[in-house]
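Trainee: I would like to go through this model and ask where each label comes from. Please set the values against the cut-offs as we go.

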Amino acid sequence: MNALKLAAPLLLALALPGLASAADYTVQPAGSKLGFAGTFQGQAFEGTFGKWTANISYDPAKVATSKFDVDVDLASVKTGDNDRDGALPGADFFNVAKFPKAHFVTTGFRQNGALVVADGNLTLRGVTKPVSLNVTFKSQGTGATLDVSGTVKRLDYGVGGGEYADTSVIGADVKVNAHLVLVAK
């Protein structure tokens, strides 16, 4: 009986690694991109953020154990247009003087047919709203690639409100996209 009492905790300790949550990954800046796309006066444009951090924990076999936590330095926005790049950090758009960062954190993952969806909360300009992102995860040796995409409504966050609220000039929808190159921690 004593041997059984001693063996039970040992067996439990050995089994715990198999019950562990998702694998943690480090984002490799080379090859990774956090971007967005929108329209201005009917013309499509794209942009990227040069400074951001992402804590990624993901298990494609058990997506419920996964988690994303992303902080974005909004002043690092670049679209390739000097006027737009100067305006976006300003008070009418991102207002980086008051709200320097955007934050996305997942609240859960779900399978939608063959598609994985990451549900979470995006905080931008002090406003937090739910956002759902489509997720494509591809293992590659000791690492992986992670692609996410989704759409946010800029006016839900007060981005470009006031005189820029006319969605025929600046489109209401902003497509968010990211390609992350990951290495297991």
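Mentor: Start with burial: a residue is buried under 20% relative accessible area, exposed over 50%, and partly exposed in between, with a 1.4 Å probe and protein chains only. The model is a predicted one, where local features need pLDDT of at least 70 and side-chain atom pairs count only at pLDDT 80 or more, while totals for chains, interfaces and linings use all residues. Residues are numbered from 1 along each chain as its sequence is written, and side-chain values use heavy atoms, with hydrogens and water left out.

Trainee: Why is Y58 called buried?

Mentor: Its relative accessible area is 3%, and the limit for buried is under 20%, so Y58 is buried. F109 has 11% and is therefore buried too.

Trainee: What makes Y58 and F109 an edge-to-face pair?

Mentor: Rings of Phe, Tyr and Trp (its six-membered ring) pair if their centres lie within 6.5 Å; planes under 30 degrees apart count as stacked, over 60 as edge-to-face, and the rest as tilted. By this rule there are 9 aromatic pairs. For Y58 and F109 the centres are 5.9 Å apart and the planes make 70°, hence edge-to-face.

Trainee: Which parts of the chain does that pair tie together?

Mentor: Y58 lies in strand β3 (residues 52-58) and F109 in strand β6 (residues 101-112), so the pair ties together parts 51 residues apart in sequence. Helices (H or I, at least four residues) and strands (E, at least two) are DSSP runs, numbered from the N terminus. Y58 and F109 also belong to a cluster linked by ring pairs, together with Y25, F68 and F137.

Trainee: Why is the pair of F93 and Y164 called tilted?

Mentor: The ring centres of F93 and Y164 are 4.9 Å apart and the planes are at 45°, so the pair is tilted. F93 sits in the loop between α2 (82-87) and β6, and Y164 in the loop between β9 (143-153) and β10 (173-184), 71 residues apart.

Trainee: Are F93 and Y164 buried or partly exposed?

Mentor: F93 has 9% relative accessibility and counts as buried. Y164 has 27%, so Y164 counts as partly exposed.

Trainee: What makes R84 count as lying over the face of F45?

Mentor: A charge sits over a ring if NZ of Lys or CZ of Arg is within 6 Å of the ring centre and within 35 degrees of the ring normal. R84 is at 4.0 Å from the ring centre of F45 and lies over its face.
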